[in-house]
Structures are given as C-alpha cells and as structure tokens.
Amino acid sequence: MSPDPRPRKQIHLAAHFPGVNNTTVWADPPTLRPTTAPAGGTSPGSALGSQIDFASFVHLARTAERGRFDFFFLAEGLRLREHKGRIHDLDVLGRPETLTVLNALAAVTERLGLAGTVSATFNEPYELARRFASLDHLSGGRAAWNIVTTSDAFTGENFRRGGYLDHADRYTRAAEFLATAHALWDSGPAGGPPRRVDHRGRHFAVRGEFGVARSPQGHPVVIQAGDSAEGREFAASAADVIFTRHSGPEAGRAFYADVKRRLPAYGRRPEDLKIMPGVTFVLGDTLAEAQERAVEIRRQQVSPQTALLTLEQVWGVDLSSYDPDGPLPDIDPDPHGELAQGRVRIADPQAVADRWRALSRAKGLSIRETVIETTGRQSFVGTPDSVAREMDHFVQSDAADGFILVPHLTPEGLDPFVERVVPLLQERGVHRTEYTGTTLRSHLGLPDPARPARKD
Amino acid sequence: MPEPHHPPRLAVALDAPGVPPRHDAAHYTALARLAEHGTLDFVTLGDRFGGPGPDALAVLARIAPDTERIGLVPTVTTTHTEPFHVSTAVATLDWVSRGRAGWTVEVSTTEAEAALVGLRKAAPPAEVWSEAGEVADVAGRLWDSWEDDAEIRDRATGRFVDRAKLHHVDFTGRAFSVRGPSIVPRPPQGRPVTVVEVTGETGGPDRGPSARREVAAARADVALVRAEDPQTAGAARADLLARARAHGRAPGGPLVLASLPVELESSGDAAGLAALLGDWFAQGVADGFHLRLADPVRDLPRLVEGTVPLLRERGLLRRSYEGTTLREHLGLPRPASIYALAREAAR
Ligand SMILES: Cc1cc2nc3c(=O)[nH]c(=O)nc-3n(C[C@H](O)[C@H](O)[C@H](O)COP(=O)(O)O)c2cc1C
C-alpha cells in the first residue's frame with residue numbers, strides 16, 4: 001500500500017442528547033452500564049437520569065466539551081407520537097424546547113457549539129432568525145441551526161396554520177426561509193444603523209428592521225437533515241453540515257461522493273460542507289464483551305411490546321394477537337394502514353415485509369429477533385482501540401467528515417467514549433487536544449460569512 | 001378572615017427605555033446576581049416585537065444557571081407567535097431555572113411589527129388582547145397536559161408514561177387551535193407565573209387598557225400597575241380585584257405590584273425610596289413593587305446597598321430566601337393540573 005499523500009483529515013465530533021426514541025434505554029439494567037461511568041447515585045435496577053432535568057443536559061454537554069467535541073446536538077419533535085390513535089407510551093418521551101435549553105447550556109460551557117433542530121415549517125423567519133442570533137450572541141458565537149422540513153398535518157394540529165406542506169414545497173420554503181434569515185442576520189446594526197430588509201417571495205413577505213446586532217458568527221452554522229435529492233441539493237446550496245443516517249461504510253461513501261459532487265455548482269468547495277452521520281457505539285474491554293453488550297442493548301431497545309409495535313408500523317394493521325417470540329405474520333401489509341402518527345412513513349411496506357419474512361425464514365428468527373436484526377443501528381462495536389481505528393479509517397476513506405454520536409443512556413452514555421476513545425483519536429492526531437478557536441465555525445474549519453456590502 | 005401577613009413583593013426591571021440594549025450575557029448576569037444578593041422576588045426583562053437587542057426569554061435562560069433563587073420574568077409576545085412554542089419555551093425556562101420562571105404577556109399592535117412577519121395585518125388592542133388571553137389560557141392547559149406523575153417508568157409493562165395522565169388540550173380559539181399535549185413535561189412550578197402589565201388609568205379611546213385589564217384580572221398571577229401616585233395604584237388594584245371576582249377567581253385574584261419609575265441620583269434617594277415603598281405598602285394600595293430603574297447599571301447597586309438594608313430593618317424584605325421557586329417567593333400556591341383535578345372528580 002502506498003502512503004496516502006494527503007494530510008490526515010480531522011474528525012469532527014458532536015454529541016446527540018439521547019431520548020425520545022427506542023434507542024434510549026431507560027430501565028437501567030446493570031449490564032448495560034458503561035464500565036467507566038461513575039455510579040452517579042443510580043442503583044442497579046433503578047431508572048437512569050432524566051430526559052428533561054437540566055442536570056442531565058449539563059452532564060452530557062460538559063462531557064462533550066471535555067472531549068473537545070465540535071457541538072452538542074438536540075433533535076426536535078413537536079407532537080407526541082401516537083399509535084392506534086393513542087399516545088405511544090413505551091419510549092422515552094418529553095423534551096425541553098430547543099433554543100431555551102441551548103441558551104441555558106451556554107452558561108455552563110465555554111467552547112462547545114450548541115446546535116438546535118427547529119422546523120422551517122412551523123416557524124416564521126423574523127422570529128426564528130432573532131432567536132438564533134440571540135443564541136449566537138449569548139454563547140459568544142456557538143450557535144447552529146439544524147433546519148428540518150417536517151411537514152405533516154398530524155404535527156400541524158399544534159400550530160396556527162395547520163402546517164401541512166407538500167413534499168415538493170418543503171424545501172422551497174426551507175430555502176426561502178434560510179435566505180430570508182441571511183438577509184435579516186446581515187442587516188443587523190454593526191457599528192452603523194440597521195439596514196431595512198424587504199423580502200417578498202413565494203412563502204414569505206418580510207419588511208422592516210431586524211434590531212439584533214450582527215452576531216459573532218455572522219450567520220449561525222446551518223445543518224441540514226434529510227435525504228431526498230431536493231434535500232441534498234438544498235444542503236449543497238446552503239448548509240455547513242449534513243446530519244445523515246448513512247452510517248455504513250459503503251452507503252456512507254456513496255452519499256459523501258454524491259453530496260460533495262453537488263457543491264461546485266454553487267461555487268463551493270468540498271470542505272465547505274461537513275458530512276456527519278448519526279452513529280452509535282458500544283465499548284468493551286474485549287471485542288467479545290462489546291458484542292455481548294451490544295446484543296443486550298438491542299434486547300433492551302426492542303422489548304417484546306416494541307417489537308410488535310414496530311411490526312404494526314410496517315404492516316399497518318393490529319397485530320396484538322401475535323406472539324413476539326413466534327414467527328412473522330403471513331398476512332400482507334395494508335398499504336393504506338396508518339397506525340403510527342408522528343413517524344416517517346415507510347415508503348413501500350410490502351417490500352419491507354417481504355424482506356423481513358425472507359430473513360426470518362432463512363435464519364429461523366422470531367418477530368422480536370427479526371426486528372432486532374433489521375432495525376439495528378449499532379455502528380461501532382468493539383474495544384476503544386478498534387473503535388478509534390475504525391472511525392479514523394471511516395473518515396480518512398471519505399465515508400464521512402465526522403460523527404454525531406447517539407449514546408443509548410441518559411446522561412452518562414457519552415462518558416466512556418470521552419474517557420477511552422477520545423484520547424486514542426488524539427494520539428492518532430485526528431482529533432484536537434485543545435480548542436483552537438472560540439466559535440463553532442472555527443471548530444468546523446468554516447470561514448465566517450462576509451457581510452454583503454450595502455446595496456442602498 | 002384576615003389575610004396572612006406577607007411583606008411586600010419586590011421586583012426590578014433589568015432594562016430601561018433610554019438605555020441601549022446589550023447583547024452580552026455578562027451584563028445581564030451581573031445585574032441579576034446583584035438583584036439576587038438583594039433577595040428580590042424576581043427580575044423582569046422587556047421585549048418588543050421588532051425591538052432592538054436579543055430575545056428576552058433567551059437572555060433569562062442564559063443567565064438561569066448563573067443564578068440560584070431569583071425569579072426570571074421575560075416579556076413574551078403572543079401576537080404573530082405560535083402559542084405552542086410560547087408555552088414550551090416558558091415551561092423550559094422553568095425547567096432550566098428549577099422553578100423560577102414567569103412570563104409577562106405582551107401584544108403587538110403596529111403595522112411595522114406585522115410587516116416583519118408578513119402573515120397578517122395589525123389588529124386593534126382589544127382584538128390582540130383577547131387573543132393574548134386565549135394564549136395564556138392554552139399555555140396553562142398545555143402546562144397541565146402532563147399530570148405531575150405521568151412519567152412512570154414501569155419496568156414490568158415496559159411503559160415509560162401512563163397515557164391516562166397525558167391530555168389533548170383540544171383548544172380552539174378565534175385565531176388559532178392547539179391539539180396538545182405539550183411535548184414538555186409539567187414544569188417544576190406546575191404553571192410558571194403569569195404576569196400582565198396594566199396602566200393606572202382605566203380604559204382609553206382604543207379600549208386597549210381595559211382589554212389588558214380583563215386579561216390581567218382573568219389570568220394573571222401578578223399584575224404590574226404603572227402608577228405614579230398611591231391613589232391611582234389603589235384604584236387600579238380595587239378595579240382588578242373586582243374584575244377578578246367577576247371572573248369567578250378565588251379570593252386574592254392577582255397580586256398587584258405598583259410599577260414605579262425610579263431614579264437614584266444619590267444614597268439619599270435610596271433611603272427616600274425605602275420610605276416611599278413603606279408608606280405605599282402601609283396604605284394597602286399594592287401587594288408590592290416593580291421598580292423600573294432609569295439606569296440599571298447605576299441604580300441597581302444603589303438600590304441593593306441603600307434601599308434593601310432599610311427595608312430589611314423595617315421587616316419589609318426577607319434577609320434570605322426561604323423557598324427556591326418564584327411561586328414560593330411570592331406566596332403563591334403550586335396549582336394542581338386541571339386534568340388531574342377533573343380525573344379525581346370523575347372517580
Ligand atoms: C438524520 C436525520 C435527522 C432528522 N431529525 C429530525 C428532527 O429532529 N426533527 C424533525 O422534525 N425532522 C427530522 N428529520 C426529518 C427531515 O427534516 C425531513 O423531514 C425528512 O428527512 C424528509 O426529507 P427528505 O425527503 O429530504 O429525506 C431528520 C432527518 C434525518 C435524515
């Protein structure tokens with residue numbers, strides 16, 4: 001093998017606050033406790049930390065900052081999910097409002113970026129631009145906005161406009177939303193009087209003075225999460241980071257190449273857009289131990305009740321009479337069945353069902369085992385050394401620019417990674433040992449956007 | 001029945017009309033800590049749709065971890081904003097401050113402000129205040145929509161929550177509807193403290209002040225009455241309490257704080273202020289005071305070093321906080337969830 005002539009890429013790292021999905025284990029079986037995490041007062045068998053108490057957020061954010069991560073990340077959900085018309089009660093649910101908790105976290109951290117997911121569908125540009133500019137000021141230049149395009153009438157029932165948008169309209173709204181936010185951020189008084197903004201477009205008409213001074217980063221960092229061609233195009237045109245689910249090496253490399261290829265059309269360089277898949281990790285002192293723990297975690301994540309419910313989401317019909325430890329149903333999915341609301345719909349349930357049945361037959365898997373096998377997302381399982389090596393290879397081979405780590409425990413799930421893997425990444429020379437800048441843009445190696453010259 | 005004795009409640013504004021807004025957190029942290037050193041009940045931070053400076057709720061969330069006891073009350077506009085977002089942001093302020101949040105309900109009435117959003121035209125005060133009342137109502141319902149003990153983490157059944165204790169609020173108002181439940185569990189205070197500002201004068205040509213008063217009387221935990229003399233403050237308090245009774249509110253109605261402009265040119269002034277507050281309070285015209293300092297950076301140290309010790313000497317101000325939540329400071333009970341009460345009643 002000839003040595004790679006390129007300098008080694010630095011790995012960008014972000015910490016996803018767990019909760020509000022079935023990847024977060026809340027029942028605290030002692031075997032799932034990371035080996036280096038402090039006992040923290042939780043006794044075996046008791047529930048783990050809270051998804052809502054501020055202390056949990058402080059713990060994860062400080063851990064991420066100790067590991068010299070680029071940013072802390074919050075997802076967003078605006079309506080409690082329902083299944084068969086009733087509120088889904090099996091997973092962790094309940095979360096704080098994104099920007100408020102990030103502002104509070106700015107007080108207990110110094111350098112860590114603070115990224116919040118906020119939908120472009122259920123907000124308006126003036127108010128949201130002001131709230132993100134405020135976070136950027138109050139955190140000294142550490143704000144990021146993950147602009148998502150969720151639109152379903154189910155979530156919209158909590159909002160004034162009802163909030164439903166066709167898929168085709170979501171990204172045109174998001175793009176115009178962001179362009180309007182840019183105009184507002186650029187208009188803020190910076191030494192001189194504020195400039196007036198006058199935007200009239202298909203989705204918004206915004207006229208007036210912004211009032212908030214231009215913030216430390218000029219424009220808070222913009223993250224995009226979404227996968228369609230329109231989503232990738234939007235990211236290529238306007239985002240600084242992509243949060244993606246493509247976390248396997250092949251899918252990762254294909255996605256990476258596809259997105260980076262779109263950049264020149266917008267006058268941007270490949271390094272102007274960082275690609276960061278959401279990944280999970282399980283560590284052990286030996287590979288066998290890590291694998292054993294990973295299996296145990298999957299069993300916790302997919303309880304018998306959760307297995308049936310997952311199946312019902314594919315089949316679209318009531319399957320409560322089936323035994324989760326028995327075989328898959330031989331009835332076909334109802335293509336119009338809509339039992340689950342507030343989740344992304346499966347495009348072709350029949351194809352999924354066929355695939356799952358084939359797998360279950362071939363391997364002799366029960367319903368629960370099939371769900372465990374097909375919905376697994378454990379990206380990095382191994383010893384700290386093997387995980388550090390794999391992650392490094394992943395990044396150097398252009399399958400990603402870094403990772404958004406999704407721990408399975410709240411709030412101590414990141415501790416073992418920071419204590420055991422981060423030092424190894426630092427030894428390999430692919431992760432900073434100290435922050436060199438103060439803003440999130442500088443952590444990500446992104447230039448500050450220039451303030452456009454006055455037109456008037 | 002005689003009212004239980006409670007010393008005057010005392011609050012201070014961190015912003016002032018003539019002072020340019022600051023964007024740095026350190027400025028606000030220093031002021032709030034000083035007010036906390038003076039064992040005041042709460043600080044307010046104004047906000048105006050289209051106004052200059054950072055978002056008030058963001059600022060108070062930013063300084064929450066840097067303070068321990070003082071109540072944090074930002075102005076939140078209910079016109080052109082989403083009631084669902086407003087309710088979750090205030091609930092979250094309560095979570096990050098561990099029970100010290102309130103909000104001052106405000107509206108937006110100008111065309112210039114409406115044009116910043118571009119969704120609809122400006123509307124007269126009576127209309128936007130009626131909507132503000134609905135927003136305060138739905139916010140309360142959303143805060144109640146998770147009963148306090150909805151989270152059960154029952155390992156035997158695998159259920160994280162008891163869905164019988166989560167409630168759709170199904171609210172339909174004139175300008176919006178909300179399905180619910182909230183995504184934020186019930187905040188530490190149950191309901192953060194709702195504040196409404198009114199003026200001493202009763203009603204104006206645009207019916208604005210009286211529409212405000214209706215909201216204050218019907219829904220506020222605390223009303224701030226802008227008044228420059230005790231008679232006006234006392235009359236406004238009597239009017240508010242009468243309106244509150246007409247709304248069927250429990251005795252007490254809102255706490256009424258006289259909101260006074262204050263300029264402390266000297267430590268003489270600071271003593272004079274203590275005497276004035278003591279005098280107004282003795283006349284029974286207010287349950288306490290909200291002080292609007294001409295220049296907080298100059299005046300707050302004088303207030304805390306000059307006025308506060310004198311108030312303490314006269315037994316008009318605590319020497320240290322006894323409670324930890326804003327409701328406890330104000331002597332307001334923690335309300336039960338209306339849904340929990342209804343469920344109890346149906347049993
Ligand atoms: C990795 C990832 C994370 C996402 N996180 C959120 C989220 O937190 N909240 C949300 O409302 N939507 C979220 N979305 C949904 C997207 O914003 C978008 O609505 C969805 O992916 C459909 O867009 P697409 O067709 O371009 O994929 C996420 C999507 C991806 C791929």
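**View 1. The interface of chain B and chain A.** Chain B and chain A bury about 5400 Å² between them, with 57% of it on carbon and sulfur atoms. Buried area is the accessible area (1.4 Å probe) lost by two parts on being put together, summed over both. The model is predicted: local features need pLDDT of at least 70, side-chain atom pairs count only at pLDDT 80 or more, and totals for chains, interfaces and linings use all residues. Residues are numbered from 1 along each chain as its sequence is written, and side-chain values use heavy atoms, without hydrogens and water. Contact (heavy atoms within 4.5 Å) links 64 residues of chain B with 61 residues of chain A.

**View 2. Salt bridges between chain B and chain A.** The count is five. A salt bridge puts a side-chain nitrogen of Lys or Arg within 4 Å of a carboxyl oxygen of Asp or Glu. One joins Arg179(B) to Glu157(A), at 3.8 Å from N to O.

**View 3. The ligand and its shell.** The ligand is surrounded by 16 residues, counted as near if a heavy atom lies within 4 Å. The closest are Thr150(A), His167(A), Tyr171(A), Asp227(A) and Ser228(A). H5(A) gives the largest share of the shell, three residues. Helices (H or I, at least four residues) and strands (E, at least two) are DSSP runs, numbered from the N terminus.

**View 4. Polar atoms around the ligand.** A polar side-chain atom of His167(A) sits 2.8 Å from a ligand oxygen. A polar backbone atom of Asp227(A) is 2.7 Å from an oxygen atom of the ligand. For Glu76(A), a polar backbone atom is 2.8 Å from a ligand nitrogen.

How values were computed. Chains are lettered from A and ligands numbered from 1 in the order in which they are written. A polar contact is a pair of N or O atoms within 3.5 Å; within protein, one must be able to donate a hydrogen and the other to accept it, and residues adjacent in sequence count only if both atoms are side-chain atoms.
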